[in-house]
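Please read the following account with the sequence and the model side by side.

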Amino acid sequence: MNNTGSIGNPHHQTDADIAICGAGPVGLSLAALLIKRGVAAERIALIDAKTVELARQDPRSLALSYGSRQILQEIQAWPIAATAIHEIHVSRRGHFGRTLIERNEFQLPALGYVTRYGTLVTALAALPALANVQLLRPVQVSSSSEHDDHVALQLSDGRTLRSKLLVQAEGGLFGAQDGKSLQRDYQQIGIVAHVQASAPVAHRAFERFTDEGPLALLPQDDGHGNNYALVWCVRPETASRLLALDDAAFLAALAQAFGGRLGRFIKTSKRNSFPLGLNARPAASPRTVAIGNAAQTLHPVAGQGLNLGLRDAVILARLLATDISPDALLQFVAGRKADRSITIHLTDVMARIFASAPDGAISQTLLGLSLGLVDVVKPARRLLARQMMFGQR
C-alpha cells in the first residue's frame, strides 16, 4: 500500500471514492473485497491511527468462524497461522445442563479458528491487491463534515481528504465509545490472557457460565508455549482483585472457577482487561456508514464481533461495487438489519440472562434447562451453530 501525497489535488473532484477509517481486519478486508469486485485500488483510502508495525505486534487473540475463513479465502488471505476448533463445550460449572457442538454435525473441517490479531492484520496488509490503496497512517480523523457530493475529513496531520463515501471501521473499546441508540453496560470486565494447562484437550473450546459471567478458553497452540486464549468476564470488583494477584494465585482462582477438565493451569501471560457493554445501531447519515465494531460492539460471549464485522464488509463491498452512492448505503443498512439483530440479540441474551444469573436458583434452573434443550433438540443446536458460523450474508 502506498502512502499518498495526492490529498487536496485540485484536479480531482474527490481524493477518493471510498475512505475507510480503520485499517484493522474489517477495514482491510473491506478494501480487498472492493478491489476484487472491481473498485479501483487507487480510489480507496485507508486511514489508521497505528503504524503497520504496531498493528502487527498486537498479541490479542481472535475467534474466527468457519464462515469468516471462507471470506478470507475469497480474498487470498487464508491460510494463516491459526488453531482449529473442532468442538465447543458449553456448560455451567456445578449445575446440570451442557451441550457439545461438534464439527462432524456440519460436515466441516472446523467450527472456527483462533488466531492472533497481528497475524491476521499482517496477512491482510500483505495482499498484492492492496498495493495501490492510498494508505494514511499513523494519522487520525479529527473531524468530518458531509456535503452534497462528498465527505470532507480533517486529518490530525493538517491535511484534508475528500471522499464520496466514508466507512467507519474503527470501533475502539466500549468504555471509550460515543453512545449509540442501543446501549447497555453489562457491569462486567473482560480479563484476557494466554494460559497453559497440564492436560489440554486438542481443538476443543470451552464456554463456562459462572456466577459473574462467561469464562471462555479457546485452543491456541501457536508456538508461544500456551494452550488456550482466556476471556474471563467478571464483575468490576472481582476483576480488580484478580488483576492484583500474582500468577500462581490467579491460576488457582481460574482453576476454582473453571474446574478440573484441563488438569492444572500452570502458566499465564500478562493479563489485560476492558469493560464490557453493548453499543449498537449508529445514527444514519447519507454518505457515512459504520461496519464492524464501529457499528456494533458486542459482549465477547460466543465470539461474534469480528465475524459479524466481516459479514458487514462482504455485503457493503457487493453493493458499492456497482453503486458508490448514498443509495447503496441505504440498501446496506436495510440488508444487514436481520443478521445484525439476530446476532446482537443472541449475545445480549447470553450476557444478561445466562451469564449474570441475577435471580439465584431460578436463573440457575433456567440456564440449565436452556443448555439441556439445546443439547437434546438437535435442530435448535444446529440452527444456533449455523448462525454463529455463517450468519446471513
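Throughout, a residue is called buried when its relative accessible area is under 20%, exposed when it is over 50%, and partly exposed in between, using a 1.4 Å probe and protein chains only. Helices (H or I, at least four residues) and strands (E, at least two) are DSSP runs, numbered from the N terminus. This is a predicted model, in which local features need pLDDT of at least 70 and side-chain atom pairs count only at pLDDT 80 or more, whereas totals for chains, interfaces and linings use all residues. Residues are numbered from 1 along each chain as its sequence is written, and side-chain values use heavy atoms, with hydrogens and water left out.

In helix α5, the buried residues are Thr238, Ala239 and Leu242. They cover an arc of only 100° around the axis, the arc being that of the directions from the helix axis to the C-beta atoms, and this places them on the same side of α5. On the other side of α5, Glu237 and Ala244 are exposed. With contact meaning heavy atoms within 4.5 Å, the buried residues of α5 pack against β13, β16 and α6.

After α6 comes Gly259, whose phi is positive, near 105°.

Elsewhere, an open sheet of 3 strands runs in the order β4-β8-β5 with antiparallel pairing, where two strands pair if DSSP finds at least two bridges between them. Because β4 (61-65) and β5 (83-85) stand at the edges with a single partner strand each, one side of each is left without a neighbour in the sheet. β5 and β8 (residues 112-116) pair over 3 bridges, and Ala84 stands opposite Tyr113 in β8.

As for cysteines, Cys21 is buried at a relative accessible area of 13%, and Cys233 is buried at 2%. Taking a disulfide as a pair of cysteine sulfur atoms within 2.5 Å, the count comes to 0 disulfides.
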